[in-house]
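Hi,

Here is the structure I promised to pass on. Have a look at it first, and then read my notes below.

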Amino acid sequence: MTFSRIRTSRTTKRTIQRAARGPGRLLPLCVTLLFSATVSGSEIDISVLDRNGKGVADVAVYAVRTVGNEKLPTPVSNPVMDQVDRRFVPHLLVVQTGAAVEFPNSDSVAHHVYSFSHPNKFMLPMYKGELHPPVTFDHSGVVSLGCNIHDHMLGYILVVDSSVFTKTDKNGRATLSVDDPEAYTVNIWSPRIRDKAESLSRSLDSSRDPVTFSLGKKLNPPHHGPTDGNSWPDYQ
Amino acid sequence: MARLPIKFAVAFISLAACAVYASDSPNRYQLNAGIDASYINASGYNSWTEGSVGKLLYDDTTDGLKISQAFADMEFWLTDTLKARAVVNAYPDDLGSLVDFTQAYLEWRPVPRSRNRYRLKVGAFYPHLSLENVSAGWDSPYTMSYSAINTWIAEELRTIGAELSVSRRPEVFGGAHTFSLQGAVFVANDPTGSLLSWKGWSAHNRQSRFNDKLPLAPLPQIQPGGLFEQQDPYVEPFREIDGRAGYYVGGEWQFDRKFLIRAMHYDNRADPLAFENGQYAWATKFEHIAAQFLLPANWNLMFQWMNGSSAMGPVVNGAHMVDIDFDSKYLMLTREFNRHRVSLRYDVFEVTQNDNTREDNNPEDGYVWTLAYFYELSNNVSIGAESLIIKTHHCGWIYYGLDPTQKEKQLQLTARFRFGS
C-alpha cells in the first residue's frame, strides 16, 4: 500500500523556512500541505474535547498501522523547529521517525537547544552566524526541548512511526487520510493532556465515522514564556 | 581581599574576550549596551552623592541635562556551558572612576541530564531579589528610579562569592510551574548596612561599582572626636573586613507567568567589632519576599518586602552601639499598551533604632510615589517621563540644623537608547 506523499518543491521548502520565521505562521501552512496531500484515501474526522466539551487546539493526531507491516516513506523535507523571540515555534512539532529536523534560530541571540528525553538525547549549540546541521530523530516518542541559555524555553517534538499525522485546529478538529482505516489506530498527544495513555488511542473501523476523544482530566495550562503577550520578563 | 581591585575585573573581561576571539567560534559573545540621556528637575536637600542628606541623585544645584544611565553588559561563552559576564556602568560623578564594574562573574550552566537544572555562579553579581531590575545591565524597564529596596541593593549589596541554584524543568509540572532554590556563600560585603544606618533609604538608579566610595554626610559621630571618628567620610560597601563568610538561601515558585513568589534569607555574618582601613563591618541580615501577579486586563502587580537589621560596635546597655532595624515594601502596578508603558509605584520605608547611643541618631520613615511612562519609538529608542516624590522624616537631620521632615521632588524626561548585538 502506498500513502499520498507531500511533494515538496524547492519553492515550498523556502516557503516553509520563511513561514517559520513568523510565529504561528507555520501551522496553517502545515495544515494546508496536509490537506493537499490527502486527496486519496478515506478521510477520518477527529475531534478532541476537554472535559467541558470544548475543542482542544494543537493536539498531535496520528494514525499508526496495527495490521500488517508498513514501510514508512522516506521523509522528503526537513521539518522546522524554529527559535523565534526566545520561543520554540511551533511549541509542538510532529515528525515521522527518521526525520531530520532543522533548528534555524531566527533570533539574534544564541541558543543552546538540548533534550535529555531518552532515547532521543541531543544538544545543539547555536551561536550567531554559525551553521548547524539538522537533528535526526530515529526513535519514536516525546522529545522535550529546552534551551540551556534561556531556561524558560520549552518545546516538544513528537516522533511517530507514521507518515499520517497532523495537529488539531483551534476548534479541536483534525482530519487524517488513510487507505484502509480498519488497519489503523488513531492516537492523540499533547503536553497539556493528563488522561491515561490507553484512553488516547482508538482503533478505526471501516465505518469512517468521526472519532471523538473526550478527555476526562483537567488540562495542564498552556506554556507561557517571557515574550508571550503581557508576560513579565526573566531576570537578567 | 581588602578591595576588589579594578585590575582584576579588567583582566577578567580581557581574558574572556581573548579566549572567545581566539576560539573557533568568534561569535560567542553578546553585548547589550544602554544609555539614558535625561533632563532632570529636582528639588529638596542636596544629594547624598554630594555628601549631604538628600535622597535623590540630583538636586537643584546639579540637575539639568544628564547622562542618567550608561552601561555595557557583556557575555562571552568560553565553552558551550561556561559563560563569563561583565557589566560596566559609567557615572560622571566624584564617587569613583568614570567607568567601573558592577558585576563580573563566571557561570557554569551544565546541560541538564535529568529534570533538574544546576547553575553555578562564581564572581561578583546581584543576589536574586529584584522584580524590577530585569533588563540588561540590571536596569529596570518600568521606571527610571528604582524602588527604595532595589536602590539600596544597587548601593550596597553584591554577592562576591559562589551561588548554586537548582530548578526543575517546567514540563515536570505540566509546563506551568517552575521551582528553583538558591544558596550562596560570599565574602567582601561587610560594610553593607553603613548607608542604611547613616544615610537611610533612597530612590535613584545609581549602581555602585566595585571601587566606588559612597560619601557620608558630615555626621557628628564620624568627625574628629566623635564615637566613630576612624570611619572614612565614605563607605566602600564591597570590602572584606572580618574574614568571615556570609550566606543566603532563597527560593522561587512561578506559575504560568501569572503568579510568582520569591523569598530569601540573607546574613552577611559580619563581626560587628571588626574594623579595617576606615571601614567598619556591619552585621546585616534580612528576610525578603517578592511576589508578582498578572491581574485582569493585563495589569501587572509587583510587591517586594524587605525586613532586616544591621549592627555595628560593641554591645552597650543591651544593644550594639549602632543597632537598627530596617523595613521597606512597595507595590507597583504596570501595564503595556502597545508601544506605551505606564508604571505607578508606592514605597514605604523605615529605619528604627534599638541602641541608646544618643550621639548616633538614625531613625527615619517615609514614602515614595513614582509615576513613569515610556513610549517605544523603535527597538532601540524609547522616550519617557517620570515624576517622583519622596517624603522623609529623619531624626538625625536636626544635627545639621535641617528640618527633619522633607519632601523632595524630581521630574525626569529621558531618551533611552538600548543596543544589542
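Let's start with one side chain: that of A:Arg202 reaches the backbone oxygen of A:Thr212 at 3.0 Å. That pair is a polar contact, meaning N or O atoms within 3.5 Å; within protein, one must be able to donate a hydrogen and the other to accept it, and residues adjacent in sequence count only if both atoms are side-chain atoms.

Before going on, keep in mind that this is a predicted model: local features need pLDDT of at least 70, side-chain atom pairs count only at pLDDT 80 or more, and totals for chains, interfaces and linings use all residues. Residues are numbered from 1 along each chain as its sequence is written, chains are lettered from A and ligands numbered from 1 in the order in which they are written, and side-chain values use heavy atoms, with hydrogens and water left out.

Back to A:Arg202. You'll find it in strand β15 of chain A, residues 201-203 (strands are DSSP runs of E, at least two residues, numbered from the N terminus). Is A:Arg202 buried or partly exposed? A:Arg202 counts as partly exposed because its relative accessibility is 32% (buried is under 20% relative accessible area, exposed over 50%, partly exposed in between, with a 1.4 Å probe and protein chains only). Beyond neighbours within four places in sequence, A:Arg202 touches several residues, including A:Tyr184, A:Val186 and A:Phe213 (contact means heavy atoms within 4.5 Å).

Now try B:Met302, which sits in strand β15 of chain B, residues 300-316. B:Met302 has 0% relative accessibility, so it counts as buried. Among its contacts outside four places in sequence are B:Leu131, B:Tyr142 and B:Met332. B:Ser130 is 172 residues away from B:Met302 in sequence, yet their C-alpha atoms are 10 Å apart in space.

Next, the place where the chains meet. Chain B puts 49 residues into the contact and chain A puts in 35. About 3600 Å² is buried between them, with carbon and sulfur atoms giving 48% (buried area is the accessible area, 1.4 Å probe, that two parts lose on being put together, summed over both). The rule finds 2 salt bridges across this interface (a side-chain nitrogen of Lys or Arg within 4 Å of a carboxyl oxygen of Asp or Glu). A:Asp151 and B:Arg109 form a salt bridge, at 3.1 Å from N to O. On the side of chain B that touches chain A, β14(B) gives the most, with 3 residues.

Cheers

Notes:
Helix = DSSP H or I, 4+ residues; strand = E, 2+ residues; numbered from the N terminus.
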